[in-house]
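Work through these exercises with the structure in view. Try each task before reading its solution.

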Amino acid sequence: MPIGKPKPQTIATEKYTKKVGLMSKSYKLRREVVEAFAEACEKEGVSQAHQLTEMMKAFVEEVNSR
């Protein structure tokens, strides 16, 4: 739970996040790669989170099929 006196929305958001199994990760990447990826996602009309998820799943599947 958040520290202090969280608002009801904060509590609800955290509860939902845990329920669906979301996790926040932080990576440091080169600016030009990140900006090009953001532009490509915008052109395709997909969210960056969705595209990253699909690429991660494909990579895991590829590695596990070896």
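A pocket here is an open set of grid points where a 1.4 Å probe fits, with protein on both sides within 12 Å along at least five of seven lines. The model is predicted.

**Exercise 1. The largest pocket**

Task: Find how much space lies in the largest pocket, and which residues are closest to its centre.

Solution: 
- Step 1. Take the volume. The largest pocket holds about 550 Å³ of space.
- Step 2. Go to the centre. The lining has 15 residues, and Lys25, Tyr27, Ala49, Leu52 and Met56 are the closest to the centre.
- Step 3. Trace the helices. H2 and helix H3 (48-64) each supply at least two residues of the lining. H3 gives the most, with six residues.

**Exercise 2. Salt bridges**

Task: State how many salt bridges there are, and describe each pair.

Solution: 
- Step 1. Recall the rule. A side-chain nitrogen of Lys or Arg must lie within 4 Å of a carboxyl oxygen of Asp or Glu.
- Step 2. Count. The rule gives two salt bridges.
- Step 3. Take one pair. Arginine 31 bridges to glutamate 35, with the closest N and O atoms 3.8 Å apart. Both residues lie in helix H2, four residues apart, about one turn of the helix.
- Step 4. Arginine 31 has a relative accessible area of 62%, so it is exposed. Glutamate 35 has 41%, so it is partly exposed.
- Step 5. Take the other pair. Glutamate 62 bridges to arginine 66, and here the closest N and O atoms are 3.1 Å apart.
- Step 6. Check again. Glutamate 62, at 44%, is partly exposed. Arginine 66, at 71%, is exposed.

**Exercise 3. Valine 46**

Task: Where is valine 46, and what separates its C-alpha atom from that of valine 60?

Solution: 
- Step 1. Locate the residue. Valine 46 is in the loop between H2 and H3.
- Step 2. Classify it. Its relative accessible area is 30%, so valine 46 is partly exposed.
- Step 3. Compare positions. Valine 46 and valine 60 are 14 residues apart along the chain, and their C-alpha atoms are separated by 21 Å.

How values were computed. Residues are numbered from 1 along each chain as its sequence is written. This is a predicted model: local features need pLDDT of at least 70, side-chain atom pairs count only at pLDDT 80 or more; totals for chains, interfaces and linings use all residues. Side-chain values use heavy atoms; hydrogens and water are left out. Buried means under 20% relative accessible area, exposed over 50%, partly exposed in between (1.4 Å probe, protein chains only). On a 1 Å grid over the protein atoms alone, a cavity is a set of points where a 1.4 Å probe fits but cannot get out, and a pocket is an open set with protein on both sides within 12 Å along at least five of seven lines; lining residues have an atom within 4 Å of a point. Grid points are joined across faces, edges and corners, and a volume is the space filled by probe spheres set on the points.
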